[in-house]
Amino acid sequence: MTTSMTDDTWIESFTVELRLRRVSGPAIGDAIASVREFIADSGQSAEEAFGSARDYAASLELPTAGAREQAIRTVLLPVLGLFTFLIFSLASTARFDRDLILVSVPQLLVLAIPVVLIVLFIFPFYPRAVVRQRWLPAALLLAAGISGALAALMAPTSAEDAWLVGSASPLLIGTAAILVILSAIGTVVTLRSHDDDEIVAPSHAHYDAQRPRNGRLLRIAVNWLFPFMAVIIFTMSWVFSLVTP
Amino acid sequence: MTPQKPHNGQLATEWPSDWMRAVLGVFTLRALEPGASYGYAIIAELEANGLGTVKGGTLYPLLSRYEASGFVSVEWRPGDGGPGRKYFSLTEQGRIELDRTRSEWLRFATIGSDFLNTARTVGTDTP
């Protein structure tokens, strides 16, 4: 990096780098406090004293806690939830239309693209790259959007053209079940994380027990966002089918 | 421990960085031998003893590794309105490591010096 940055910007990117390395919240808080202590003592800027935030974060070799759990909670579950929710929405519209889902082979192939992109999140390098490269999340979203639109265009008009003809109801029930299971997994992972995400200053680290539980309740509630939205979508499709002849 | 400033009129010597990389570990343990100390005070102590200026970005990763291997223990002490200070102190294991590396280093330095001093006389035989 050629431009000089303020200490706050440096600490901000240092935090991001440690986050990307999946260092626990308290360890990040400790590392930041050490940086603040040292620049206050030495009068140097953070960049002068520690070099690039990325290299310094790497050189600390801090223990990474529950890397896989964190990847599941922060990336895999939301993306999988969104995808299941979209299928649920399509199925619930179809349920009140003709209760028929028609699928062709090219349509399935196109729909497989976002599925593959989601499955890749299991590998740790992938979510890291997605967060580091700013254009990647946008590209991912675009790929998912385009494949969705293409799949809709390729939808067979009659049952003869379709490779798969199915009733919408099993798909509806299946996706609803998946949404509930994903939320349950998310809740378990959240409960088992011991609030380890929060960046705490080292001097406050032992007051853990006294911290308010509101943040935790909110994070559990967030896990149930997709089932909640699914109920709304289903009700809306149902009401819409009642008012249209 | 209060940071000592370099002796007046005497510029702190900068040693080749690969030399420093090799011995910074034992120097740091030595700096902690008299008692607990914090990042900047350790650097100031090394500088005051003519060992050059070590960057925070070099010292802290080393301390972090020593903390992980159990050579040092840490304690945060509140500062006067500031961020507080992380004090490092030698554990029993750290003392053993200091004694081991110190005697190894001294042996190496003696042998190295002997070799450097005798090498000159041997070299005169070449035509």
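Chain B of this predicted model contains four helices and three strands. Read from the N terminus, its elements follow the order α-β-α-α-β-β-α. Of the 127 residues in chain B, 28% are buried. Among contacts in chain B with a separation of 6 or more, 59% involve residues 24 or more positions apart.

The strands of chain B form an open sheet of three, ordered β1-β3-β2 and paired in antiparallel fashion. The antiparallel strands β2(B) and β3(B) are joined by six bridges. Within the sheet, Val74(B) faces Phe88(B), a residue of β3(B), as its opposite number.

Among the helices of chain B, α3(B) may be described in some detail. It comprises 13 residues and spans 18 Å from its first C-alpha to its last, close to the 18 Å expected at 1.5 Å a residue. Its buried residues are Gly56(B), Gly57(B), Leu59(B), Tyr60(B), Leu63(B), Ser64(B) and Tyr66(B). Just after α3(B), the backbone at Gly70(B) adopts a positive phi of about 85 degrees.

A contrasting position is found in the loop between α1 and β1 of chain B, where Pro34(B) is located. Is Pro34(B) buried or exposed? Pro34(B) counts as exposed because 10 other C-beta atoms lie within 10 Å, and the limit for an exposed residue is 12 or fewer.

Chain A has eleven helices and two strands. Its elements, taken from the N terminus on, run α-α-α-α-α-β-α-α-α-β-α-α-α. Buried residues account for 24% of the 245 residues in chain A. Of the contacts in chain A between residues at least 6 apart in sequence, 86% join residues at least 24 apart.

Thr175(A) belongs to helix α9 (residues 168-192) of chain A. Thr175(A) is classed as buried because 22 other C-beta atoms lie within 10 Å, where the threshold is 20 or more. Which residues does Thr175(A) contact, leaving aside its neighbours within four places in sequence? They are Thr84(A), Ile87(A), Phe88(A) and Ala91(A). Of these, Phe88(A) is 87 residues from Thr175(A) in sequence, while the C-alpha to C-alpha distance between Thr175(A) and Phe88(A) is 5.6 Å.

The two chains meet at an interface in which 16 residues of chain B contact 18 residues of chain A. On the side of chain B that touches chain A, the elements giving two or more residues are α2 (39-48), α3 (56-68) and β3 (85-90) of chain B. The greatest contribution to that side comes from α3(B), with six residues. Sorted by class, that side of chain B has six nonpolar, six polar and four charged residues.

The largest nonpolar core also includes residues of both chains. It has 39 residues, and those with the most contacts inside it are Phe14(A), Leu18(A), Ala31(A), Val35(A), Ile43(B), Leu46(B) and Val72(B). Elements giving two or more residues to this core are α1 (7-20), α2 (25-42), α3 (46-50) and α4 (53-59) of chain A, together with α1 (17-31), α2, α3 and β3 of chain B. Not counting residues up to four places away in sequence, Val35(A) touches Ile11(A), Phe14(A), Ala46(A) and Phe50(A). Another core lies apart from the largest one and has 14 residues, including Leu77(A), Leu80(A), Ala94(A) and Ile101(A).

The average pLDDT of chain A is 79, and 81% of its residues score at least 70. Within chain A, confidence is highest in α3(A), at 93, and lowest in helix α7 (residues 125-132) of chain A, at a mean of 67. Over residues 205-210 of chain A the pLDDT falls below 50, and beyond near neighbours in sequence this stretch has two contacts in the model. Where pLDDT is low, the predicted coordinates should not be read in detail.

Conventions. Residues numbered from 1 in each chain as written. Chains lettered and ligands numbered in written order. Predicted model: local features only at pLDDT ≥ 70, side-chain atom pairs only at ≥ 80, totals over all residues. Contact = placed C-beta atoms within 7 Å. Nonpolar A, V, L, I, M, F, W, Y, C, P; charged D, E, K, R; others polar. Pairing = 2+ DSSP bridges. Expected span 1.5 Å × (residues − 1). Core = buried A, V, L, I, M, F, W, Y, C linked by C-beta atoms within 7 Å. pLDDT = per-residue confidence, 0-100.
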